[in-house]
Amino acid sequence: MSSANSFSDHKRRVMSPEWLFWAPPLLVAAMIAALYVYGPISQPLSYHDFADQRMIGGVPHGADVWSNLGFALVGLWGLIRLFSQRHHPQLRQGWPGYALFLLALIGTAIGSALYHWAPDNIRLIWDRLPIALACAGLLAAVRCETLCSGEGWAAAAALGIVAAASVAWWYITGVCGQDDLRPYLLLQCLPLVLIPLWQRAHRALVADQKAFLWAIGFYFLAKVAELGDSMLFDSLHVVSGHTLKHLFATLAAAVIVWRLGERVKKRSGGSFPLNKEQAFRII
Ligand SMILES: [Zn+2]
């Protein structure tokens with residue numbers, strides 16, 4: 001296995017521009033330096049005041065609570081669809097990270113629903129922790145499957161600890177006087193920056209690259225909607241920006257799970273792995 005992998009990696013290195021291999025560590029270093037220089041980023045005091053306060057089905061802030069259901073459905077869909085295929089050649093390298101991602105989606109549904117029911121900083125820990133773990137899972141998955149490292153569980157565990165530490169840092173600095181969201185925000189940004197670069201550098205399947213770009217697009221819409229929580233609620237009346245954030249983020253996760261399902265689909269008249277020309281062709 002190692003010789004096949006090293007051949008593939010060598011071939012990819014020869015065929016990809018060299019800067020693609022240097023860009024990820026340089027970008028991470030630049031982001032860390034910029035955040036260090038910028039200084040602590042605190043959560044706005046009004047963070048817990050969401051625009052849509054309506055009770056729905058006996059649940060306070062109902063739309064923001066119920067709209068988490070999608071995360072649980074996507075997480076369960078992924079686990080049911082993919083668990084039996086975890087040893088599939090197109091999935092096994094990244095499976096530990098993807099498993100963390102899928103479990104974190106279910107955790108996000110629970111944690112975010114709990115938080116939005118009665119928003120405060122303690123409950124926000126249980127909202128942010130699974131979101132951070134989902135980011136860690138995606139990073140671990142794509143890192144391992146693009147580099148063929150075969151250390152998926154170690155990568156998922158290490159990044160999971162980093163994710164938990166980023167949320168702990170925010171909460172503990174808050175207790176000490178000035179909360180600092182920088183590590184948590186950095187962790188959320190890393191998949192958006194690193195995954196497309198890793199995929200491109202290591203010539204991931206074009207369909208994988210496209211799916212992840214769609215997911216980034218939906219995640220971007222989620223962030224825009226989050227920033228326009230009150231403005232969107234005042235304009236649309238039926239749905240707030242934060243509820244839309246949940247729905248767009250669910251779509252982003254669904255695209256990734258859908259694409260993983262497509263990867264492990266049995267193809268008529270063919271078999272996995274794909275031939276090298278299919279597997280390594282580039283956009
Ligand atoms: Zn939320």
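This is a predicted model: local features need pLDDT of at least 70, side-chain atom pairs count only at pLDDT 80 or more; totals for chains, interfaces and linings use all residues.
Residues are numbered from 1 along each chain as its sequence is written.

The protein has twelve helices and zero strands. Helices (H or I, at least four residues) and strands (E, at least two) are DSSP runs, numbered from the N terminus. Of the 283 residues, 37% count as buried. A residue is buried if 20 or more other C-beta atoms lie within 10 Å of its own, exposed if 12 or fewer, and partly exposed in between, with C-beta atoms placed from the backbone. Two residues are in contact if their C-beta atoms, also placed from the backbone, lie within 7 Å. Among contacts between residues at least 6 apart in sequence, 72% join residues at least 24 apart.

Helix α6 covers residues 121–147 and spans 38 Å from its first C-alpha to its last, close to the expected 39 Å. The expected span is 1.5 Å times one less than the number of residues. In α6, 21 of the 27 residues are buried.

Two packed helices are described by the angle between their axes and the distance between the axes. Axes are lines fitted to C-alpha atoms, for helices over the stretch in contact, and angles run from 0 to 180 degrees between N-to-C directions. The axes of α5 (residues 95–117) and α6 come within 7 Å and cross at roughly 165 degrees. That makes α5 roughly antiparallel to α6; the cut-offs are under 35 degrees for roughly parallel, over 145 for roughly antiparallel, 65 to 115 for roughly perpendicular, and oblique for the rest.

The axes of α8 (residues 182–201) and α9 (residues 206–227) come within 10 Å and also cross at roughly 165 degrees. Therefore α8 is roughly antiparallel to α9. Residues of α8 in this contact include Leu 192 and Ile 195, and those of α9 include Phe 212 and Leu 213.

Lys 245 lies in helix α11 (residues 241–263). Lys 245 counts as buried because 23 other C-beta atoms lie within 10 Å. Not counting residues up to four places away in sequence, Lys 245 touches Ala 222, Ala 225 and Glu 226. Lys 245 and Asp 64 are 181 residues apart in sequence, and their C-alpha atoms are 9.3 Å apart in space.
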